[in-house]
Structures are given as C-alpha cells and as structure tokens.
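I opened my notebook to look up a few contacts and strands in this structure. Here is what I went through, entry by entry.

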Amino acid sequence: MFGCCECSCLPAIRYYGVGQPQGQPLQTPYSLLSGVGGMLGASLFRIFLGGIHNYSQIHALDFSEGMLNYAHKKNVKYYASNVNIISEDVLKNQLPSNHFDVLVCSFGLKTFNNEQLHILAKEVKRILKPNGRFSFIEISQPANTLLNALYGFYIGNLIPILGKLLLGNPEQYKMLWTYTKKFKNAQKAQKIFEEKGLESNYQSYFFGCATGFTGIKSAG
Ligand SMILES: C[S@@+](CC[C@H](N)C(=O)[O-])C[C@H]1O[C@@H](n2cnc3c(N)ncnc32)[C@H](O)[C@@H]1O
C-alpha cells in the first residue's frame, strides 16, 4: 500500500498468508496494492504464486517525491514498467472502491496519529474487495528491557551511522527510534481496524522488534 519495502513485504506475504484471496482460484485477475519500495516484494509475491503472473496487476503508492522517483527508476530497470505507480496521499486518495484483492504495507504506520489511523482503516475497508486481505507490519519496541535497550541503541545510533556510510544521508533515519517509541507496537492500530469491522490477527516478530496484523474484509 504505502511505506512498503522489499525485505518486509516478503515476510508479510509469507507469514500473514495474504497471498491468495479467500475463495479465489489463482488464475483470477488479481490486484495488489503495495508501497513503492515494495515492488520486489510484489514480484516475489507473484513468483511464489506462480500461475498468477500474467493475470495480476501490482500497484504501488506513496506521496514522497523522492520515493516515487526511486520507484520509477526501479520499475523501468527491473519490472519493465509493469508496476502501476500511484502518487497519492493514502489518507486522501482517489482509489476506486472494492477494487484490490490484497493490500500490504510495511513501516508505514508509525507516524500516524489516532485520527489518521481511523482514516486509514476506513480507506482500507473501502478500497479492498469483499474477502480481500490486508497485512501491516511495523518496527516496534520489544517488551524485554534488555532487548529494548539494545534494539534502541541499534535503531537510534547505529542505523543513522550506517545510513550515512552507505547512503550518505543519516537524516531520514534519525527519527526512527523516536517514532518507534511513540508507536510502541501495532496493537492500537489493530484495534482501530477491528472497530471499523476489519477482522485481523495480531502478530509479533523477533521478540517484539516488529509487530503487525493481518486480516480480511468480510464479504458481509
Ligand atoms: C518509513 S518509510 C518506509 C519506506 C520503505 N518501506 C523503506 O523501508 O525504505 C514510510 C513511507 O510511507 C510513505 N507515507 C507515509 N505517509 C503516507 C501517506 N499518507 N500516503 C502515502 N504514503 C505515505 C512515506 O512517504 C514513506 O515512503
């Protein structure tokens, strides 16, 4: 959907079981909405599902100019421009209703406040087809004090240095741990989704260093 990257898209697909919309055979026209960075994950998604390759359409959405530019380059280089890149704010989007079979999003939740999470849940419910599936994953604070301290040091100190060394720009990583501490975990977001009538299962990974939820928009 938005804020989705290669490394997290795949676990989301594998572990959340969002691969096949319930009740649909694989050779069905298939629509997946992911983040712009998630195009590789989206391709792996196709590979894992084999037969749907020629029948599926991948859409990737973001509103960041930098991220979109990166996505356009990647789309040309690796995906023969087959990914439909959408430049929109997911909270004010013009996407069609009841359209997508699967929606995946990684690392896109943590900066949203309560009101935005409510809007997001409403939009997810609107744009998914009945029986369509969704999956969210986000970096989180582990409950264990020692792990939390080590993880906080890694995310808050080492990642910005690695960002500077490898990408030449630590700025975008500097706030990561601050946002993560505020976010804590995906429980609140999941509750908001459930309040909107989107059933889901909560998941915790790597002792709580990442949390998320996966669910379905019921046909009823
Ligand atoms: C933390 S980044 C994650 C990027 C990518 N997943 C990665 O790991 O490199 C979150 C992404 O969500 C996008 N995003 C945040 N709010 C958004 C919104 N309201 N609509 C669309 N995209 C949004 C940001 O532009 C950003 O690209």
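**Entry 1: a cut-off first.** I count a residue as buried when its relative accessible area is under 20%, as exposed when it is over 50%, and as partly exposed in between. I also note that this is a predicted model.

**Entry 2: D101 and K129.** I looked up D101 with that cut-off in hand: its relative accessibility is 0%, so D101 counts as buried. Its side chain meets that of K129 in a salt bridge, at 3.2 Å from N to O. D101 sits in strand 4 and K129 in strand 5, so this pair ties together parts that are 28 residues apart in sequence. K129 comes out at 24% relative accessibility and therefore counts as partly exposed.

**Entry 3: strand 4 and its partner.** I then checked the rest of strand 4, residues 100-106, and found seven of its seven residues buried. Strand 4 pairs with strand 5 (residues 128-139) in the parallel sense, over six bridges. For V104, I noted S135 as the bridge partner in strand 5. Between the two strands the chain passes through helix 4 (residues 114-127), and this β-α-β crossover is right-handed.

**Entry 4: K110 and E138.** How many salt bridges does the structure hold? I have four on my list. Another of them joins the side chains of K110 and E138, again 3.2 Å from N to O. This pair links distant parts of the chain, with K110 in the loop between strand 4 and helix 4 and E138 in strand 5, 28 residues apart. Is K110 buried or exposed? Its relative accessible area is 12%, so K110 is buried. E138 is buried too, with a value of 0%.

**Entry 5: K191 and E195.** K191 pairs with E195, and their closest N and O atoms are 3.4 Å apart. Both lie in helix 8 (residues 187-195), four residues apart, which is about one turn of the helix. Both K191 and E195 are exposed.

**Entry 6: aromatic pairs.** I turned to the rings next and found eight aromatic pairs in the structure. In one of them, the ring centres of F134 and F213 are 6.3 Å apart and the planes stand at 70°, so I wrote it down as edge-to-face. F134 belongs to strand 5 and F213 to strand 7 (residues 210-216), so the pair ties together parts 79 residues apart in sequence. F134 has a relative accessible area of 0% and is buried. F213 is buried as well, also with 0%.

Another pair I looked up is Y151 with W177: the centres are 5.7 Å apart and the planes at 85°, so this pair is edge-to-face. Y151 is in helix 5 and W177 in helix 7 (residues 176-183), so parts 26 residues apart in sequence are tied together. I found both Y151 and W177 buried. I also noted a cluster, in which ring pairs link F134, F136, F193 and F213.

**Entry 7: a nonpolar patch.** Which residues form a nonpolar patch on the surface? I listed F153, Y154, L158, I161, L162, L165, L166 and L167, with about 840 Å² of accessible area together.

Key. Residues are numbered from 1 along each chain as its sequence is written. This is a predicted model: local features need pLDDT of at least 70, side-chain atom pairs count only at pLDDT 80 or more; totals for chains, interfaces and linings use all residues. Side-chain values use heavy atoms; hydrogens and water are left out. Buried means under 20% relative accessible area, exposed over 50%, partly exposed in between (1.4 Å probe, protein chains only). Two strands pair if DSSP finds at least two bridges between them. A crossover is right-handed if, with the strands pointing away from the viewer, the path from the first strand over the helix to the second runs clockwise. Patches are made of residues with over 30% relative accessible area and no salt bridge: like charges are joined within 9 Å, nonpolar side chains (Val, Leu, Ile, Met, Phe, Trp, Tyr) within 5 Å. Accessible areas come from the Shrake-Rupley method with a 1.4 Å probe; for residues, only the protein chains shown count as cover. Rings of Phe, Tyr and Trp (its six-membered ring) pair if their centres lie within 6.5 Å; planes under 30 degrees apart count as stacked, over 60 as edge-to-face and the rest as tilted.
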